[in-house]
Amino acid sequence: MIATIIRKELHMLFISPLAWLLLALIQLVLAWVFLVRLDAFLEIQSQLLQIANPPGITEIIVSPVFMIAAVLLLMITPLLSMRLLAEERRNHTLTLLISAPVSIADIVLGKFLGLMLFFFAAIMLIVMLCFSLRIGGALDFGLLLSNTFGLLLLAACFAALGLYISSLTAQPVIAAVGSLGVLLGLWLTDLASNSAAGWLHYFSLLKHFSQFNQGLIDTFSIAYFILFTTTFLALTIRRLDGERLYG
């Protein structure tokens, strides 16, 4: 049943021009960042050869591209997640959906995984862009893998949070504004915490992603991402369960 819900979500996503526009926008912005960083690398390449253990093309080009990709996903996720449940409620199809002979967990996971497949496709396009660097140099596959893994975990957090906020309202626009507000708030906690010893930055999703961006697969950050995702998925299931039981 989850597979059916995933197929429906992907169908609904890609018959809308919004998904294609956002996908094109991501690639356009990242291609521009990629070319700017490549140009900067070529300008300083001769100087890098004169120092011991210089950073390679992966550190100078790939890592910044993935960091910008993380910020872009933060910005576009509310636009994609807002319709997942809020639109169902606005169109009066949510009642039919949750009263169907399918578990609430299947509904929530199906919608979550449908959005995650979109993110997976977007991230794979970024990986393919970075792979083009192999034409002229050697890639650090460990750093590339770390960034890819971290970005997938980060996208899962964004999707779970957006899905939960979408379950709270019947207005997709309110869901989008709410999701963006919370995600920006979590980002600002990192900016507000100037000291690495502060505790606020522990709540910042992008701060945890920065570990992966530097090639560090930190178990604490992995645990935080998994806990964040499962918490909001559980809250969404609880919310819809309550609606099924009490109307």
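Predicted model: local features only at pLDDT ≥ 70, side-chain atom pairs only at ≥ 80, totals over all residues.
1. Residues are numbered from 1 along each chain as its sequence is written, and side-chain values use heavy atoms, with hydrogens and water left out. On a 1 Å grid over the protein atoms alone, a cavity is a set of points where a 1.4 Å probe fits but cannot get out, and lining residues have an atom within 4 Å of a point. A volume is the space filled by probe spheres set on the points, which are joined across faces, edges and corners.

2. Which residues line the largest cavity? They are Leu74, Phe158, Leu183, Leu186, Trp187, Ser204, Leu205 and Leu206. Helix H8 (172–192) and helix H9 (205–213) are the elements that give two or more residues to this lining, and H8 gives the most, with three. (Helices here are DSSP runs of H or I, at least four residues, numbered from the N terminus.) By class, the cavity lining has seven nonpolar, one polar and no charged residues.

3. Now for the open space. The largest pocket has a volume of about 260 Å³; of the 16 residues that line this pocket, Phe41, Gln45, Ile57, Gly136 and Gly137 are the closest to its centre. A pocket is an open set of grid points with protein on both sides within 12 Å along at least five of seven lines. Helix H2 (residues 17–48) supplies the largest share of the pocket lining, five residues.

4. Leu205 lines the largest cavity and also belongs to the largest nonpolar core, where Phe66, Phe119, Leu151, Leu154, Leu205 and Phe225 touch the most other members out of 71 residues. Such a core is a set of buried Ala, Val, Leu, Ile, Met, Phe, Trp, Tyr and Cys residues joined through side-chain atoms within 4.5 Å. Helix H7 (residues 141–166) gives the most to this core, with 14 residues. Setting aside residues up to four places away in sequence, Leu205 touches Leu154, Cys157, Phe158, Leu183, Leu186, Tyr224, Phe225 and Phe228; contact means heavy atoms within 4.5 Å.

5. Not counting residues up to four places away in sequence, Thr77 touches Phe119, Phe158 and Ala159.

6. Helix H10 (residues 219–246) passes a simple length check: at 1.5 Å a residue its 28 residues should span 40 Å, and its end C-alpha atoms are 40 Å apart, which agrees. The expected span is 1.5 Å times one less than the number of residues. Among the buried residues of H10 are Tyr224, Phe225, Phe228, Leu240 and Glu243.

7. Leu94, in helix H5, is buried, with a relative accessible area of 2%. Leaving aside neighbours within four places in sequence, Leu94 is in contact with Leu85, Glu88, Arg89, Leu240 and Glu243.

8. One backbone detail deserves a look: His92 has a positive phi of about 60° although it is not a glycine. His92 sits in the loop between helix H4 (86–90) and helix H5 (94–99), and counts as exposed because its relative accessibility is 64%.

Conventions: Buried < 20%, exposed > 50% of the residue type's maximum accessible area, 1.4 Å probe, protein only. Nonpolar A, V, L, I, M, F, W, Y, C, P; charged D, E, K, R; others polar.
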